[in-house]
Structure formats: structure tokens, C-alpha cells
Amino acid sequence: MRLKYTFYVLIICCVISFYTGYSYSQYNFYSGEEWIDIDKQDLPEEQKLFLKKIYLQAAQDSSIFSGGPIIPEGERDFNAYVGIMDRLYVQEENANLPLYFMFKIADMTRNNYPSQQVTLYRLAIMQQLERIGVVE
Amino acid sequence: MIKFIKEILAKYKLGLFVNKHRSVLTIFILIAGILTVFFYAGKSTVTLSPEKSLPPKTVTGFIANEQVMLNGHSWADIEKLDLSLAEQRVVKARILRVILESSLFSGSPIIEPSEDIAEYVLSVDRLYSDKDNKDIPVFFILKIADLAKNNTPDFMINSYRDTVKEKLKEIGIIQ
């Protein structure tokens, strides 16, 4: 009798864990595809720029309130980053990189970090993201 | 492999158990199967795509207000864009996703990662329709929307909102 109920409970637990379990491989992070998508929209240039800036501002604000700003806290000139992000996201190897990290790389590029250091950072991030299943 | 399974079934008399409760087990497997089908069918319909057929756009004059932080005023600026209502919702959902992801990578996710973040767009819209909330950054409004979604008592939500406003005033983000 006890075995029967244990078995039923086990099945119920399996079903529940299947529906509540979460893996980052299921989550689609904001990355290059959606960034490039903005340019494909039939919008005036100033509105495209506004959209790009608002995503960068969202990322920066959120990182500040979460305790780890992506770029220096006082920096609010997002215009300067839009062009760099555009250039970086058209490169195929960056297409899957989430906006958060691409923004960081854009900041490194803007501040003239050695290209080798930027490449190493990007590779390290990609490796970690692959490990947790965010990118393939 | 089959031999091994048979051995295990024989050893623990599971074969007898399975035979005895075949009908109950069949119902369980059927329920799990039906739930799985609904789960994946549901997932495929939630996907937001701006490429879907949308009503024609109206051309309006667009002047964005520069804000210190992304707040209710910036949120309202999205509605001034030459985008249909559906496209505006896609943009808003993406903003919420960026906020969630950024908090996640910064080490403390503001809400649980979920594909259903588009559900929060309407809650955020509703919260920003209240003038008192306009100056609160989207980051905190998203948290408030999540508290409401999880049936947190109103007095606790109001208390959280007042504390956030007080702290933001202290550091000069809002007046």
C-alpha cells in the first residue's frame, strides 16, 4: 500500500518538476537579431535611434539598481554607444551575444581597450554562456 | 538494455505492480501527455514578432523627452512612435526583457526569468496610468507588477512603492 502511494507521489513530483523546472536554454535573450530588427522597421531615423537608446538605457538602469553598472554610472550619453553597437552586432560571431555583454564590449571599444583584451573578454563570456546553455 | 529492465522489474516485483495498476498508470501517462501538448502549443502562440500583419501606421511628430532614468515619461514616449499598438507592445516587452536580463547578469534578477514577460506590459501600462507612479523607474514598476501578479497584499505593495520613492528622492533621482 505504502509503495503504491510512494509511486503515485513520485509520478506527481516528476510531472510538477517538468513544468516548473527552468533552464536558460529555454530563454531567448535580447541579442543581435532583435537589435538589427530595429533598422528593418519602417521608421524615421530619429525614432530608430530613440529605440536603440531606450534599450541601452533600460540595460544600464537595471544594472545600476542591481548593483553592477555596465558602463560608468555617470555616463548617460547613449548616442555614442549606438554606432558601436550597430557595428558590433552586424558581425556574425556577435549575433548571439546578449545585449548586456555587447554593451560592455561597446564600452571597452569606446574606451580604446586593446583589441586582444576585448576578444578575450568576448570569448570568455561566450564560453560561459555556452556552458549554461544560453548560446549554442 | 531490455534484459536489464526485465531484471529490475522482476527483482522489485514492479511488473506485478504495473499489471495491477495499469488503468491508473495509463491515466497518469495520458494526463502528462495532454499537459505536454498544451504546454508546447501554448508556448508557440506567445511568441511576439513585429513582422506579423499589423494595422497601418500613422505618422506623428515625435519628440522624446530626455529622462535621467527610464520612467513613466519614457514609457509614454513609446506611444508617440510611428508604431501600431501591437508593435508598441513588442517594444515594451523587449524593454522589460532587457531590464530582467540586465538585472540577472548583474547578479540579482528583479523577477523570475520567464518567456511570459509580455504579460507584464499591460500591468506596467496600468501602473503608469497613475500619475503618482510616472517618475518611478521602469525597473521598480516591473517589480511592483510582479508583486501584484503574485497576489502580494496591497498594503505591502504600497509600502514597497513608498519606500522606493522615498529612497529615490533621497538620492535625487526623483523630486
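1. A contact, as the word is used in this note, means heavy atoms within 4.5 Å. On that basis, and bearing in mind that this is a predicted model, residues 24 or more positions apart account for 55% of those contacts in chain A that have a separation of 6 or more. Chain A has six helices and zero strands, so that its elements, taken from the N terminus on, read α-α-α-α-α-α. Of the 136 residues in this chain, 44% count as buried.

2. Two helices of chain A deserve a look together. The axes of helix α3 (residues 45-65) of chain A and helix α4 (residues 79-89) of chain A come within 10 Å and cross at roughly 100 degrees. Because angles of 65 to 115 degrees count as roughly perpendicular, α3(A) is described as roughly perpendicular to α4(A). On the side of α3(A) the contact involves A:Leu49, A:Lys52, A:Lys53 and A:Leu56, while α4(A) brings A:Asn79, A:Tyr81, A:Val82, A:Met85 and A:Asp86. Sorted by class, the residues of this contact are five nonpolar, one polar and three charged.

3. A corresponding pair can be examined in chain B. Here the axes of α5(B) and helix α7 (residues 138-149) of chain B come within 10 Å, with a crossing angle of roughly 95 degrees, and therefore α5(B) is roughly perpendicular to α7(B). The contact is made by B:Leu96, B:Ile99 and B:Ser103 from α5(B), together with B:Val138, B:Phe139 and B:Leu142 from α7(B). The residues of this contact divide into five nonpolar, one polar and no charged.

4. Which residues have the most contacts inside the largest nonpolar core? That core has 71 residues, and those with the most contacts inside it are A:Trp35, A:Leu56, A:Met85, A:Leu99, A:Phe103, B:Ile95 and B:Leu96. The element that gives the most to this core is α5(B), with nine residues. As general background, nonpolar side chains tend to be buried together in soluble globular proteins.

5. A search of the whole structure finds 14 salt bridges over all chains. One of them crosses between chains, running from A:Asp37 in helix α2 (residues 32-40) of chain A to B:Arg94 in helix α5 (residues 85-105) of chain B, and the side chains of A:Asp37 and B:Arg94 meet at 3.5 Å, N to O. Both A:Asp37 and B:Arg94 are buried.

6. Two further salt bridges lie within chain B. B:Asp77 pairs with B:Lys80, the closest N and O atoms being 2.9 Å apart; B:Asp77 counts as buried because its relative accessibility is 1%, whereas B:Lys80, with a relative accessible area of 32%, is partly exposed. In the other, B:Asp125 pairs with B:Lys92, and the closest N and O atoms are 3.0 Å apart. This pair links distant parts of the chain, with B:Asp125 in helix α6 (residues 119-128) of chain B and B:Lys92 in helix α5 of chain B, 33 residues apart. B:Asp125 counts as partly exposed at 22% relative accessibility, and B:Lys92 as buried at 3%. Elsewhere, salt bridges that share partners join A:Glu34, A:Asp37, B:Arg94, B:Arg97 and B:Glu101 into one network.

7. Most residues other than glycine have a negative phi. A:Asn112, however, has a positive phi, near 55 degrees; this residue is found in the loop between α5 (99-110) and α6 (115-131) of chain A, and A:Asn112 is exposed, with a relative accessible area of 66%. In chain B, the phi of B:Asn151 is likewise positive, near 55 degrees. B:Asn151 is found in the loop between α7 and α8 (154-170) of chain B and is exposed, with a relative accessible area of 68%.

Technical notes: Residues are numbered from 1 along each chain as its sequence is written. Chains are lettered from A and ligands numbered from 1 in the order in which they are written. This is a predicted model: local features need pLDDT of at least 70, side-chain atom pairs count only at pLDDT 80 or more; totals for chains, interfaces and linings use all residues. Side-chain values use heavy atoms; hydrogens and water are left out. Axes are lines fitted to C-alpha atoms, for helices over the stretch in contact, and angles run from 0 to 180 degrees between N-to-C directions. Helices (H or I, at least four residues) and strands (E, at least two) are DSSP runs, numbered from the N terminus. Angles under 35 degrees count as roughly parallel, over 145 as roughly antiparallel, 65 to 115 as roughly perpendicular and the rest as oblique. Ala, Val, Leu, Ile, Met, Phe, Trp, Tyr, Cys and Pro count as nonpolar, Asp, Glu, Lys and Arg as charged, and the others, Gly among them, as polar. A salt bridge is a side-chain nitrogen of Lys or Arg within 4 Å of a carboxyl oxygen of Asp or Glu. Buried means under 20% relative accessible area, exposed over 50%, partly exposed in between (1.4 Å probe, protein chains only). A nonpolar core is a set of buried Ala, Val, Leu, Ile, Met, Phe, Trp, Tyr and Cys residues joined through side-chain atoms within 4.5 Å.
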